[in-house]
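Subject: Structure handover

Hi,

Here is the structure for you to look at. My notes follow below it.

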Amino acid sequence: MNDLIRLVGNAKAGLRFEHDLFVAEGPRVGQWTASNQGIVCPRAYRLKDGFEELSEHCASIGWPVHLRPTGGGAVPQGPGISNLALAFNAREGVTIEDVYKLLTGILKDALGSPGKRLEHGETPGSFCDGAWNLSFDGQKLVGTAQRWRPRRGKRPRVLAHAMILVSDDFQSGTDAVAEFHKELGLSPVRRNVHISLNTAFGVTELPSAALQKIALTALSGLHVEYQ
């Protein structure tokens with residue numbers, strides 16, 4: 001097992017970091033933040049009318065678009081946003097829901113008393129909305145996703161990801177994604193349905209040491225070493 005915390009130049013480097021965890025062996029826990037802003041969206045968006053022109057425009061105004069292999073929706077990355085990535089070989093019987101429960105439980109435990117006040121569920125109007133968001137008072141604070149890779153003769157490899165809104169620096173990204181959605185004819189994104197840890201609880205940074213310790217301990221229950 002190992003623990004890694006990185007400040008990367010941009011979201012592309014962050015996605016590469018997560019890929020490295022995904023293709024490694026053994027349980028891996030990584031945290032990253034991009035120093036430069038950008039938009040990350042599913043690779044399938046390339047098929048949408050006007051995507052290439054819109055990507056060029058976004059880059060010209062300081063919001064380069066990066067593609068990821070998974071589904072979901074567009075999200076901002078950059079200052080004010082931290083990412084937690086877990087990678088492991090799933091034991092037999094582990095489900096997608098189990099992984100989401102693990103991921104959100106780790107975050108709630110690491111945050112202590114603020115974590116106990118978070119609820120999971122959809123947040124209409126948020127970017128990359130999903131049933132396993134963590135929200136406070138109806139406003140999205142954490143988004144989650146996961147990816148599974150079947151492996152011949154071995155247990156599947158799982159990558160679980162959480163995007164945490166730490167400070168209000170992220171709000172310019174909300175506006176950028178809202179405009180991105182509008183230009184592609186996607187569902188509206190609203191600024192007021194998102195909130196940061198700082199605004200909600202006065203937490204100015206993630207408790208990285210606690211996250212690493214809790215995550216590695218939790219992974220031992222879902223990971224199988226010998227396959």
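Where is the place of Ser 167? Ser 167 sits in the loop between β10 and α4. (Helices are DSSP runs of H or I with at least four residues, strands are runs of E with at least two, and both are numbered from the N terminus.)

First, the ground rules. This is a predicted model, so local features need pLDDT of at least 70 and side-chain atom pairs count only at pLDDT 80 or more, while totals for chains, interfaces and linings use all residues. Residues are numbered from 1 along each chain as its sequence is written, and side-chain values use heavy atoms, with hydrogens and water left out.

**Ser 167**

Ser 167 has 16% relative accessibility, so it counts as buried. (Buried means under 20% relative accessible area, exposed over 50%, and partly exposed in between, with a 1.4 Å probe and protein chains only.) Not counting residues up to four places away in sequence, Ser 167 touches Gly 80, Ser 196 and Asn 198. (Contact means heavy atoms within 4.5 Å.)

**Into α4**

Helix α4 covers residues 171-184. Its 14 residues reach 20 Å from first C-alpha to last, close to the 20 Å expected at 1.5 Å a residue. (The expected span is 1.5 Å times one less than the number of residues.) Buried residues in α4 are Gln 171, Gly 173, Thr 174, Ala 176, Val 177, Phe 180, His 181 and Leu 184. Their cover includes β3, α2 (51-60), β4 and β5. Gly 185 follows the helix, with a positive phi near 75 degrees.

Take Thr 174 in this helix. Its relative accessible area is 0%, so Thr 174 is buried. Leaving aside neighbours within four places in sequence, Thr 174 is in contact with Pro 76, Phe 127, Val 189, Arg 190, Arg 191 and His 194. Asn 192 is 18 residues from Thr 174 in sequence, and the two are 9.5 Å apart in space, C-alpha to C-alpha.

**Back to β10**

β10 pairs antiparallel with β6 over nine bridges. (Two strands pair if DSSP finds at least two bridges between them.) There, Asn 89 has Arg 157 of β10 as its bridge partner. β9 and β10 also pair in the antiparallel sense, over nine bridges. Ala 145 stands opposite His 161 in β10. β9 and β10 form a hairpin with two residues between them. Gly 153, in the turn, has a positive phi of about 75 degrees.

**The open sheet**

Three strands form an open sheet in the order β4-β3-β5, with mixed pairing. β4 (65-68) and β5 (75-77) stand at the edges with a single partner strand each, so one side of each has no neighbour in the sheet. The twist averages 35 degrees from one strand to the next. (Axes are lines fitted to C-alpha atoms, for helices over the stretch in contact; angles run from 0 to 180 degrees between N-to-C directions.) β3 (residues 38-42) and β5 run antiparallel, joined by three bridges. Val 40 has Val 75 in β5 as its bridge partner. Helix α1 (residues 11-23) lies across β3, β4 and β5, at about 15 degrees to β4.

**Cores**

The largest nonpolar core has 34 residues, of which Leu 84, Leu 86, Leu 141, Ile 164 and Leu 197 touch the most other members. (A nonpolar core is a set of buried Ala, Val, Leu, Ile, Met, Phe, Trp, Tyr and Cys residues joined through side-chain atoms within 4.5 Å.) Elements that give two or more residues to this core are β6 (81-89), α3 (96-111), β8 (134-136), β9 (139-151), β10 (154-165), α5 (197-201) and α6 (208-219). The largest share, seven residues, comes from α3. A second, separate core has 22 residues, including Ala 74, Met 163, Leu 184 and Val 189.

**α6**

The 12 residues of α6 should span 16 Å at 1.5 Å a residue, and its end C-alpha atoms are 16 Å apart, which agrees. Leu 211, Gln 212, Ala 215, Leu 216 and Leu 219 are buried in α6.

Best regards
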